[in-house]
Amino acid sequence: MSSLTASTQNTETVTLSVTEIINDNLCITCEAGQQVCSAIAAAFREGKNVVLSFKDCEDFTRGFLSESIAQLYEYFPEEQIRNRLSIVDIDSEDAEYIENVIYWRRRYLEDPERFKEAARESLCAEDNDE
């Protein structure tokens, strides 16, 4: 079980439902992801632990997950996120997908210029192939 899907029980715990936050069961837009991130961040700023429920969610995109969960790593220490955020009501394949999105967001945050340069090189290589 990943550390994000571990149970966190505390008197200062709030359960957030993704479907209630975004008012939809399709988790596909970056804007919807930003709504989820804002809700989690608000709870963290209040000193609360968060149980994030994906109950009844259907599809996930990388953009949604990057904005909703991985973006937290820009604003909060990794230890705080790992200790205070639990993800529930999600199958193991989707949990692994979330972990993958987080992994790449954290790598990006370690050296954004390296990623930007790789993207530039990739785009230039594609232009030269035409």
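User: How do you know where Asp56 lies?

Analyst: Asp56 sits in the loop between strand S2 (49-53) and helix H3 (62-68). Helices and strands here are DSSP runs, numbered from the N terminus (helix: H or I, at least four residues; strand: E, at least two). This is a predicted model, where local features need pLDDT of at least 70, side-chain atom pairs count only at pLDDT 80 or more, and totals for chains, interfaces and linings use all residues. Residues are numbered from 1 along each chain as its sequence is written, and side-chain values use heavy atoms, with hydrogens and water left out.

User: Is Asp56 buried or exposed, and what makes it so?

Analyst: Its relative accessible area is 56%. Exposed means over 50%, buried under 20%, and partly exposed in between (1.4 Å probe, protein chains only). Asp56 is therefore exposed.

User: What class does Asp89 fall in, and why?

Analyst: Asp89 has 45% relative accessibility, so it counts as partly exposed. Its place is the loop between strand S3 (85-88) and helix H5 (92-110). Phi of Asp89 is also positive, near 60°.

User: Why is the group of Asp24, Asp56, Glu58, Asp59 and Asp89 called a patch?

Analyst: These five residues form a negative surface patch. Patch residues have over 30% relative accessible area and no salt bridge, and like charges are joined within 9 Å. Asp and Glu count as negative. The place of a charge is CG of Asp or CD of Glu.

User: How do you know whether Ile102 is buried or exposed?

Analyst: Its relative accessible area is 1%, so Ile102 is buried. Ile102 is found in helix H5.

User: What makes up the whole chain, in order?

Analyst: The protein chain has 6 helices and 3 strands. Along the sequence, the pattern is β-α-α-β-α-α-β-α-α. Buried residues account for 38% of the 130 residues.

User: How many of the contacts join residues at least 24 apart?

Analyst: Among contacts (heavy atoms within 4.5 Å) between residues at least 6 apart in sequence, the share is 80%.

How values were computed
Patches are made of residues with over 30% relative accessible area and no salt bridge: like charges are joined within 9 Å, nonpolar side chains (Val, Leu, Ile, Met, Phe, Trp, Tyr) within 5 Å. Accessible areas come from the Shrake-Rupley method with a 1.4 Å probe; for residues, only the protein chains shown count as cover. A salt bridge is a side-chain nitrogen of Lys or Arg within 4 Å of a carboxyl oxygen of Asp or Glu.
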